Amino acid sequence: AFCRGRIVRVPKGPLIRVVGTEVAIPCSVSDYDGPSEQNFDWEFSREADFVRIVSTWDSTFTSEEYQKRVGRGDIKLRRSSNDAVELVIRNIQPADQGRYKCSTPSTDATVQGNYDAEVQVKVISDGLSVSGSKARSSTSLRLSEGDSFKLRCSATTASPEHTHLHVTWQVRSGSSWRDVLSLTHEGKFQPGPGYEERYRSGDIRLDTGANDTYRLSVSQASSADGGAYRCLVSEWVRGADGSWQKIQEKSVEIATVSIQRTDVVISTSNVSVTERDSLDLTCNITTDRSGIFQAEVMWYFSASPDDTLSDAQLLLSMDHDSVVSDSTLISLSHVDRNSYRLLVRDVDVEDSGYYFCEAAIWVPLHNGSWHKVVERTSAPVSVVVTALEPDYDVFLNASKTPKFSDDPTELNCRITNVQDTEANIRFTVSWYYRQHLPGDDVVTEELLASMDADWTLLPGDRGRERIQNGEIIFSKKSADTFSLRIQWTSESDRGDYFCVISAWSRHRNNSWVKSKDVTSASVNIFWATQDYTLTVEAVKLKPFFVAGHTFEMTCKVSSKNIKTPRYSVLITAEKPLTDQSNPNGTTRIISLNQDSVVRLEDWTDQTRVDGVVLEKVQENEFRYRMYQTQISDAGLYRCVVTAWSPGGGGMWREAVNGLSNPIQIDFQTSG
């Protein structure tokens, strides 16, 4: 048999606590029967008899000696779970030293285990002393970014017990304190969150000195290091169970540190200059540093404001000895103590982009060397270089216009009144189409084709295949004229056409950059047409038949306003919804195209591969036969006819579609 019983636990004593501090003694119970929430009674004994302190369930439990302290809340019970509480004693005194017993009233079916446990509490005197500067309680330090500073505090203990001190330097820049660096009660250095890398590099140190001093050293101070600093000291003792226990904590504010940020700005905002002029930018360094220092300045160029320094192009630099790197068209000069001027002569359009400067502050060390204390990069300034534009007009006219479909169309785009052009200017053309839409519908322009700077043709999405097949031809007739020819104009080509002439300038690196676009007036291509009409009549040749006989029907076609039409025919069948072989309802059976080529569509009856026939009786009449009809062939049969007219290049062009009346096969009503 396995015996189990109630177990009441308190910490292993003695518990050493400091006079005047708050003490919390935990008590828990396990392996019990009855309700999950258990009750607890606490009692105290200095030497012999126990005196009742407080209970979770009996308000009359407290003895007269403790009633005032319990009533004020100086002694209370704090429940942490159903089976655990803490006895909290605020401002513990030497008279509170003694034995504390935690008891749990029985809720078990049988009495087994222990129902109470005792722990000894020892109250010692407060021997911890924490102090800052002797001159005053707190100092103020005003520093420049990159400076170093040191703060000191003193911490001693005269505790009668063997205790260890845990010293933490903290900073507060908002409402909460955050740890900078600690020397733990186990003698280990522990950087606070975010300070690990600076501790490893030696920029944050904590040193001990004479007279129990603890010195915090901060190098390369940044604006994030500003705030109020305090020295937080806690006293620890090793308990009877071997674990470390914090018995008290004190702090003292040492100093308030303010860090003056060093800023780098370019004196002008967005800049616009004309090609061949000079670009003048000044980089200003803002700092309250009064001692000896030198600045290192570097100017960068980038095509994007989001590029990093590694992606940007270094234009020019000046080191802290005022040595400037070489450049032919760019110069860098030291205007005054904190200003550095960049001058770019004879700017080109390719100089458009984003300019920013990076500055570093260097200070001399005792050994004569220089040390970089801070580095900052300005926000980018947008520079737009406006090209010297040539002056010209563009005229578009149609030398050939269609009167009917498949007639040719030819448009000429001409450059006129050219002025102020140089030898390094060339022209290219882009052709656009705009469709006419009724009402206020928005019309979008479609690119037909364009040319790049070396006159390479770049087809647009519209008509790309026709361009590749030579149906649409682009050419340059002369130095000032570009042409567009549509060999066979279709109705879908009707609409507005216009051209855009682009001027390109040659730059210093022999690249070509577009400097200007001029758009022509539009030319409308249109001819009057009559709507196509198409009529299809289906006739059943044998009015009565039964399964196994031949079904036969003809389709007669008539059309208007279509030039020399040809017809393609498709036979379809609409089966009853009960036909599970074709849940969609309509089946494509057989077709005959405009060139009289027959094709089986969705006819899948392998036993009757030759069971359907579609033939052309005459130009406008077609006959459909289905041999050995079956019950499953019941349904509505139609002719779907498309009229085609001859297009350009020997191609056929779809004109209009028509649908015949239905012919029904219904064996149930057949005679």
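**Figure 1. Overall dimensions of the protein chain.** A compact globule of 671 residues would have a radius of gyration near 26 Å, whereas the protein chain has 49 Å. The model is predicted. Along the principal axes, the C-alpha atoms fill a box of roughly 130 × 90 × 40 Å. The accessible surface comes to about 35,100 Å². Carbon and sulfur atoms account for 47% of that surface. Of the 671 residues, 44% count as buried.

**Figure 2. Secondary structure and contacts across the protein chain.** The chain holds 3 helices and 49 strands. Take the contacts between residues at least 6 apart in sequence: 61% of them join residues at least 24 apart.

**Figure 3. Spans annotated in UniProt as "domain: Ig-like".** The unreviewed UniProt entry places this feature at residues 20–102, 105–253, 262–359 and 390–519. Residues 20–102 are 7% helix and 43% strand. The end C-alpha atoms of that span lie 23 Å apart. Residues 262–359 are 0% helix and 52% strand. For residues 262–359, the end C-alpha atoms lie 10 Å apart.

**Figure 4. The open sheet of 5 strands.** Its order is S2-S9-S8-S4-S5, and the pairing is mixed. Strand S2 (15–18) and strand S5 (51–55) stand at the edges. Each has a single partner strand, so one side of each is left without a neighbour in the sheet. From one strand to the next, the twist averages 30°.

**Figure 5. Pairing of S2 with S9.** S2 and strand S9 (residues 116–124) run in the parallel sense, paired over 4 bridges. Leu15 has Val121 in S9 as its bridge partner.

Figure 6. Lys101 lies in strand S8, which covers residues 98–103. Is this lysine, Lys101, buried or exposed? Lys101 has a relative accessible area of 16%. Buried means under 20%, so Lys101 counts as buried. Leaving aside residues up to four places away in sequence, Lys101 touches Asp41, Trp42, Glu43 and Phe50, as well as Asp116, Ala117 and Glu118.

**Figure 7. The open sheet of 6 strands.** The strands follow the order S11-S19-S18-S13-S14-S15, with mixed pairing. The edge strands are strand S11 (139–144) and strand S15 (189–191). Each of these two pairs on one side only. Here the twist averages 30° from one strand to the next.

**Figure 8. Strand S18 against strand S13.** Strand S13 (residues 164–172) pairs with strand S18 (residues 227–238) in the antiparallel sense. The pairing extends over 9 bridges. Arg172 stands opposite Ala228 in S18. His166 faces Ser234 across the pair, standing opposite that S18 residue. How many of the residues of S18 are buried? The count is 11 of 12, and S18 is mostly covered.

**Figure 9. The hairpin of S18 and S19.** S18 pairs with strand S19 (residues 244–260) in the antiparallel sense over 12 bridges. Glu235 has Gln248 in S19 as its bridge partner. The hairpin has 5 residues between the strands. Which residue in this hairpin takes a positive phi? Gly242 does, with a value near 90°.

Definitions and conventions:
Residues numbered from 1 in each chain as written. Predicted model: local features only at pLDDT ≥ 70, side-chain atom pairs only at ≥ 80, totals over all residues. Heavy atoms only, no water. Pairing = 2+ DSSP bridges. Axes fitted to C-alpha atoms, helices over the stretch in contact; angles between N-to-C directions. UniProt positions renumbered as here; feature names shortened; annotations may be inferred. Rg over C-alpha atoms; globule rule 2.2 N^0.38 Å. Buried < 20%, exposed > 50% of the residue type's maximum accessible area, 1.4 Å probe, protein only. Contact = heavy atoms within 4.5 Å. Areas by Shrake-Rupley, 256 points an atom, 1.4 Å probe, with all protein chains shown as cover.
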